[in-house]
Each structure stands twice: as C-alpha cells, then as structure tokens.
Amino acid sequence: MKYLSAYPADLRAQVEHLMAQGRLGDLLLKRYGGVHDIRTDRALYDYVSGLKNEFLRNAEPLSKVDFDNKLHVIRNALGTHTTISRVQGSKLKAKREIRVASLFKEVPIEWLRMIVVHELAHLKEREHDKAFYQLCAHMEPDYHQLEFDLRLYLTHLESGGQRLWSPEV
C-alpha cells in the first residue's frame, strides 16, 4: 500500500480490511458519481484555464495543458507542472505547461479537479509546504479528502482491482 504509507497504521488497517472484503471499490463508487466528459487536450486546457482565471488571475499564462499517456509509468506522478525557459532575442521567455496522467480521463470530476488544483498551486508555491496546501484547500475546500480517496482508488488498482469508471464497466 505505497499510496497510503504516510497515513496512520490504524487507517491503513481499515483499508486492508475493506480490500479483504472486496468492498473498497464499492465504497468509492457510492461516494462519487460517474466519469466526467473532459476527454480531449483542448477540453482539459479550457477546464484548467477556467480554474486558473478564477483563482490565480495574476499568474503567468499556461502555454500547454494536456493528458499524458506516459506520465504515470515514467515519473510515477499523476500530474506535472513544468517551466521551460528559452532565450528569444535579448529576452528570456518562460513557457508553463501542465500535464495530467491519462488515468484522469476516466475518473470523477472531483479527482480531476483535485489534480488540476494541485498543479495550478505550483504556479505560486514550488514546494509541498504549508502555504502550498493552504492554497490547494482555498481552491478546493475538500482537497485533502479528495486526495485520500484518490489514494484509495490507486491502492485499489494496485491490488488488482478493475478500473471503476472505465467504459467497459
């Protein structure tokens, strides 16, 4: 249960009990509705831009936002925020990009929003410190619960469970 390693032992034991009974997936399905309809990189860009404009109006613009098929496998990350600096003439130009793991094409909108909020918070706060998580909670008040539930889902998948919101289900 690598996704829950930082949580208390009694909480991990409860999760193990739910997994042993085969009820973890059912719990998540009850808690969250269906999958969102953001399927393309353009739709994701529009969604992220809307959140950015709502909460971080003064932050630098994003040049690229997309779903990344290789992200989860290669970097063991669910989303990334990068800044690429290039010299153009006598000026230094910075391009900001957000990539979201393709896994998030088939999850509830709440989890997509949580990942996007996390990556947007990196526009203001680089480190995962108290200020970073306060900004995340400002943009998404249920941030911590959503992060925990997403970790439950990843644990479910890691233990051999099927994707709960995939088209085949």
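Biologist: In this predicted model, is Phe132 buried or exposed?

Modeller: Buried means under 20% relative accessible area, and Phe132, with a relative accessible area of 0%, is therefore buried. Tyr133 has a relative accessible area of 24% and so counts as partly exposed.

Biologist: How should I read the geometry between the rings of Phe132 and Tyr133?

Modeller: A pair of aromatic rings is described by the distance of the centres and the angle of the planes. For Phe132 and Tyr133 the centres are 5.0 Å apart and the planes stand at 90 degrees, so this pair is edge-to-face.

Biologist: How many aromatic pairs does a search of the whole structure find?

Modeller: The search finds seven aromatic pairs. One of them joins Tyr7 and Phe148, whose ring centres are 5.0 Å apart and whose planes are at 65 degrees, so that this pair, too, is edge-to-face. It links distant parts of the chain, since Tyr7 lies in the segment before α1 and Phe148 in helix α7 (residues 143-158), 141 residues apart. Tyr7 counts as partly exposed because its relative accessibility is 21%, while Phe148, at 13%, counts as buried. Ring pairs also link Tyr32, Trp111, Tyr153 and Trp165 into a cluster.

Biologist: Which residues have the most contacts inside the largest nonpolar core?

Modeller: In soluble globular proteins, nonpolar side chains tend to be buried together. Here the largest nonpolar core has 47 residues, and those with the most contacts inside it are Phe104, Trp111, Leu112, Leu120, Leu150 and Tyr153. Several elements each supply at least two residues of this core, among them α1, α3, β1, β3 and α7, but α5 gives the most, with eight residues.

Biologist: What does helix α5 look like in length and in burial?

Modeller: Helix α5 (residues 109-121) has 13 residues and reaches 18 Å from its first C-alpha to its last, close to the 18 Å expected at 1.5 Å a residue.

Terms used. Residues numbered from 1 in each chain as written. Predicted model: local features only at pLDDT ≥ 70, side-chain atom pairs only at ≥ 80, totals over all residues. Heavy atoms only, no water. Phe/Tyr/Trp six-rings, centres within 6.5 Å; stacked < 30°, edge-to-face > 60°. Helix = DSSP H or I, 4+ residues; strand = E, 2+ residues; numbered from the N terminus. Buried < 20%, exposed > 50% of the residue type's maximum accessible area, 1.4 Å probe, protein only. Expected span 1.5 Å × (residues − 1). Core = buried A, V, L, I, M, F, W, Y, C linked by side-chain atoms within 4.5 Å.
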